[in-house]
Structure formats: structure tokens, C-alpha cells
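Consider the predicted model shown here, beginning with the ligand and moving on to the packing of helices.

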Amino acid sequence: MNRRDFLQRFFPTAVLATGGPMSLVGCKSFDNWFFQLERGIKDRVLIVGGGIAGLNLAFELKKKGIPFQILEGSARLGGRIYSLEHFNASEQKAELGAEWFSDSDQNLKNLAKELKIELQVDRRIASDQFFFTGDQWIPQARLEKEIQILYQQLAKIGLQKSDRELDLMPLSNLFKLMNPTTTKVSDVALMWLERVVQKRWGADPVEISGLFIMRWLDVIGPKPLRTLAQSNTRVTGGSSVLINALHDRLVGILPQEVLRLKHELIQVSYPTADPKGPVELTFQSPQGQFQVQTMDAVLCLPMAKLRLVKGLTSESFSGPLSAPISQLGLGRTSKIVASYKQKFWRQRLNFLMGLGTLSAQSIWDATPEGSDSLKATRGLISIQMGGQHSFQINPNSANVILNEFQSGIGDQEKQQPENIHVHNWTTYPWTQGSNFFFRPGQFLKWSKLDWNPLPDGSLRIAGDFLDPMAGGRLEASLQSSISVAQLIYEKRQILKKKSTGSV
Ligand SMILES: Cc1cc2nc3c(=O)[nH]c(=O)nc-3n(C[C@H](O)[C@H](O)[C@H](O)COP(=O)(O)OP(=O)(O)OC[C@H]3O[C@@H](n4cnc5c(N)ncnc54)[C@H](O)[C@@H]3O)c2cc1C
């Protein structure tokens with residue numbers, strides 16, 4: 001009997017949904033739930049949030065032989081990894097969240113190997129990106145040259161202004177400084193940077209720290225188009241394959257032992273006022289509220305949800321973390337996916353990614369080369385909107401954007417999408433935003449923040465905001481979950497040695 005048959009036979013309410021496993025809440029064994037939690041939690045690590053950070057943390061703990069329990073607020077696993085299955089008649093999946101990963105992310109490669117998941121790299125290169133200014137297409141080589149001038153101007157400004165001044169300055173003010181009468185940075189280069197910021201952070205130039213963006217450009221190096229094009233790895237079969245495989249490895253045949261859906265964390269406190277003592281977490285579940293005390297809890301939540309957890313933002317509770325948790329900027333991102341009977345754009349443009357003034361700030365071919373979905377003739381287009389424009393997205397505006405794209409590439413024949421799906425991550429209740437960013441003045445204060453300041457404390461944090469540069473990406477979530485698992489392992493080793501008297 002396989003796991004699915006087992007579940008259906010013994011836990012009829014536990015339907016394995018397309019987007020991930022569904023709640024077991026409501027099944028008979030729920031009566032034992034509080035008891036199990038009370039009994040077992042003392043030595044278990046309580047993981048809050050079942051996105052990639054929470055699930056990978058659980059996987060790391062499992063490999064180290066440390067017991068855990070995952071409590072997820074929504075009715076599905078995966079968080080910002082969200083693949084819509086059976087999106088069209090060719091059974092293609094549409095990605096509403098994370099889709100492209102860095103081909104240098106060793107943690108992802110290791111995980112895929114352990115889970116026996118295939119990653120596929122799209123071999124198309126930077127020249128398959130396009131940039132559209134509204135009235136002309138900018139060739140890659142010209143865009144690269146314009147970006148070089150932008151880099152030179154930024155370097156000059158970097159010498160004239162202090163880091164503090166640059167941090168206090170929004171990127172939009174830097175744009176103004178870069179356009180003196182002498183070496184004028186082209187509008188194309190500035191627009192390119194604006195689009196990158198909107199896509200990457202869901203923020204507008206007027207609200208993001210200038211210094212933060214300068215530092216990020218430094219990190220990605222002098223050939224940003226090439227560096228960005230290296231995020232060209234996808235999970236074969238869709239990003240949710242990763243989530244489903246982790247789920248299968250973690251829950252075994254007794255899912256209620258390790259996983260509960262529809263359990264939302266609403267409050268944290270230290271009953272003994274000692275951060276090394278037990279931490280108490282209050283959850284809201286369909287059965288009501290309950291409290292759990294544990295010596296190890298890890299919150300794997302997006303920034304916008306973390307800030308809503310009562311207690312966490314109070315100075316007395318989280319000290320240096322309380323200000324950034326409540327004040328960092330929150331990105332706004334919407335995504336549209338559209339399915340067409342044919343990949344009509346391939347006759348005009350062999351593009352991977354486009355940015356520009358099309359009202360879709362970024363648009364890409366979601367049926368890339370080398371993909372299994374190539375077997376199908378159907379094609380998918382993804383569109384992402386960030387910052388203030390993300391709120392303009394709805395099925396009507398999606399149609400307008402798609403038409404605009406078609407006329408932009410010179411396709412006269414009207415192509416009708418057979419299916420369109422729109423997802424706004426800001427109004428999605430379980431993330432209420434997409435990414436975090438540093439507002440003016442925040443980068444110098446918080447970029448070096450230690451999000452887990454007490455190595456032997458009972459409450460920890462993991463997630464994609466822990467790395468200021470790779471932040472808001474899967475690689476940051478994976479890395480932070482690996483680091484937290486290691487911290488917990490080391491803490492337990494020390495405690496074990498103490499209890500056996502070997503130290
Ligand atoms: C549109 C979009 C496109 C993206 N594209 C890419 C990409 O191409 N490449 C890339 O690397 N990254 C991309 N990302 C970012 C990537 O999706 C995230 O960095 C990553 O998935 C975050 O994982 P996480 O587990 O840290 O957080 P999440 O995935 O947000 O998981 C957090 C979990 O916590 C749950 N939760 C929330 N509140 C509570 C609560 N109070 N109690 C209990 N549970 C709660 C949520 O339901 C969720 O399951 C994209 C993100 C978006 C929004």
C-alpha cells in the first residue's frame with residue numbers, strides 16, 4: 001500500500017491536494033493532538049511555517065536525528081512556491097511564485113540530489129533578454145554599454161558622498177544625481193535599473209535605499225545582465241515538485257505526528273522572561289486557540305507575517321530584532337500566467353526574459369528550452385509586476401498587457417490566451433507581500449543584523465530575509481534553514497555533554 005492509499009484508507013479527510021498536502025484537522029486523531037503536542041514537544045523542535053525554509057529545516061533536522069513538528073497556518077504547504085497543476089490541456093504547470101533558481105546554488109543542487117529531483121538549466125544566455133523602451137527594442141550590446149556608464153556614474157557618486165548620505169537617499173534621488181549635464185546616464189539604463197528593482201524587490205525607486213542598490217550592483221558585478229541570466233535553473237516538473245518531495249520524505253505514514261496545517265501562530269512570549277528558557281507560542285486553529293511551550297522553536301515566516309505575530313515586535317521580547325521586523329520595507333508583487341495554444345512569440349523573438357515600458361514590467365517565456373514541457377506545443381507566458389503597479393493587475397489588465405506584448409513584437413494576428421491566472425502576493429493572506437527591502441536609512445542599521453543573536457536561545461528565525469543580498473530568494477531560505485539546523489544541533493550536543501557530565 002503506498003502512502004496515498006494509506007492516507008485515504010485511514011485518514012479519509014486527508015486529501016492530498018494538487019498544490020500540496022491538505023489538513024488533517026478534523027480527523028479522529030485530532031483529539032490526541034494537544035496531548036501529543038504536550039507530551040512530545042519538549043524535545044521536538046517546533047517549526048512554524050511550511051514553506052521551503054520550514055520544510056528544509058525539518059529535513060536537515062531529520063538527517064541529524066532531531067525530532068520536529070511543523071505547524072503551518074494555511075491549508076497548503078509551499079508558501080511562495082506555488083505551482084498550479086494541469087494549467088492547460090498539455091498538463092503544463094504555471095508558477096505563481098518562485099520559478100528560476102541560481103545555477104550556482106550548491107544547497108539547491110545538494111537537496112535536489114538527495115530528493116532525486118531533476119533540475120534543468122536553460123542554456124539560453126543574456127542575449128535572449130530584451131529591453132523595450134516603448135518605441136524601440138534595445139539590443140543587448142547597447143544596453144550593456146549604457147549600464148557600464150551607469151556603473152561609472154555610480155562609482156563617482158560613491159566617492160563624493162558618504163555611505164550614510166547614500167543610505168539616507170532613495171534610489172530615485174540617485175537617479176537625479178546621475179543626470180548632470182556632463183556624463184548623462186541614458187534613460188534606458190535608469191529604466192532598466194528601475195525595472196530590476198521592481199521585479200526583484202517589489203519596490204519603487206522612491207522607497208528603497210540608494211546605498212543598498214549600489215551594494216547589490218557591486219555584488220552582482222560589472223556585467224549584471226550576464227549575472228542575472230545565471231538564474232536559469234528550474235525544477236523539472238515545476239517548483240512544487242520540491243515541496244511535495246520534501247513532504248513525502250518528512251511525514252512518512254503518520255503525517256499528524258509531524259505536520260499540522262491550519263495552525264496559525266499569533267503570539268510568542270517567554271514565560272520565565274529568560275530567552276534561554278522555554279518559549280510559549282499561541283496558535284489559532286479551527287479548534288480554537290492553544291499554547292505550547294518548547295525549548296526550541298523556529299519561525300520560518302515571511303517578513304509581513306512575522307511582524308503580525310504579537311510579542312515579537314516588542315522591545316522587551318526580541319530586543320535588536322524588534323525594530324527591523326516592524327519597519328523594513330515590504331515588496332508588492334503580482335504575477336500573471338497565460339497559456340496559449342501555440343508559442344507564437346517564438347517566430348518573432350527567441351526571448352527568455354523581457355523588461356521595459358510594456359505595462360508588464362517584466363515578461364518571460366515560461367516554457368524554456370530543454371524543458372519537458374517543450375514536448376507540448378502549447379506555451380506559457382509569465383508576467384511579473386512589482387511596486388505600485390502590482391495593484392493594477394486583474395484579468396482585464398492582464399489581457400491589455402498581453403495584447404501590448406503581441407503588438408510590441410510585431411505579431412499582427414490576434415492571439416487569444418486560452419487560460420489566464422492572476423495572483424497578487426500582497427493580498428494573499430499568508431504572505432501579505434513578497435520580499436523585504438531596506439528603506440532609506442535602514443541598510444547601514446540592519447544589513448549586518450544577527451537574526452539569531454542567542455546561540456543557546458529557545459526562539460530562532462529562518463527565512464529568505466536573513467541574507468541582505470540574496471534576500472527574497474530561495475537560496476537565502478535554504479541557507480538560513482541549514483544554518484539554524486546546525487545551531488540547534490550544536491546546542492543539543494552541548495546540552496547532551498552537560499547532562500552526561502562529559503563537560
Ligand atoms: C512572485 C514571486 C516570484 C518569485 N520568484 C523567485 C524566483 O524565481 N527564484 C527565487 O529564488 N525566489 C523567488 N521568489 C522568492 C521565493 O519564493 C521565496 O524566497 C521562498 O519561497 C521563501 O520561502 P520561505 O519558506 O522562507 O517563506 P514562504 O514560502 O513565504 O513560507 C512561509 C510559510 O509560513 C506560513 N505562514 C505564514 N504566516 C504564518 C503564521 N502566522 N503561522 C503559521 N504559518 C504561517 C505560510 O503559509 C507559508 O507556508 C519569488 C517570490 C514571489 C512572491
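**The ligand shell and helix α18**

There are 39 residues around the ligand, and those that come nearest are Gly 49, Gly 51, Gly 73, Gly 79 and Arg 80; a residue is near a molecule if its C-beta atom, placed from the backbone, lies within 6 Å of it. Two or more residues of this shell come from each of α3 (52-63), β12 (264-269), β17 (333-340) and α18 (474-499). Helices (H or I, at least four residues) and strands (E, at least two) are DSSP runs, numbered from the N terminus. This is a predicted model, in which local features need pLDDT of at least 70, side-chain atom pairs count only at pLDDT 80 or more, and totals for chains, interfaces and linings use all residues. Residues are numbered from 1 along each chain as its sequence is written.

The ligand lies between domain 1 (3-80 + 240-327 + 441-499) and domain 2 (86-103 + 114-124 + 232-238 + 333-424), because both give residues to the shell. The domain bounds come from an automatic or database domain assignment.

Helix α3 packs against α18 at an angle of about 35°, with the axes 8 Å apart. Axes are lines fitted to C-alpha atoms, for helices over the stretch in contact, and angles run from 0 to 180 degrees between N-to-C directions. On the α3 side, the contact includes Ile 52, Ala 53 and Leu 57, and on the α18 side it includes Leu 478, Ile 482 and Ala 485; residues are in contact if their C-beta atoms, placed from the backbone, lie within 7 Å.

Helix α4 (residues 106-115) also meets α18, with axes that come within 9 Å and cross at roughly 75°. Therefore α4 is roughly perpendicular to α18 (angles of 65 to 115 degrees). Here Asn 107, Leu 108 and Leu 111 of α4 make the contact with α18 residues including Leu 474 and Gln 479.

Definitions and conventions: Angles under 35 degrees count as roughly parallel, over 145 as roughly antiparallel, 65 to 115 as roughly perpendicular and the rest as oblique. Two residues are in contact if their C-beta atoms, placed from the backbone, lie within 7 Å.
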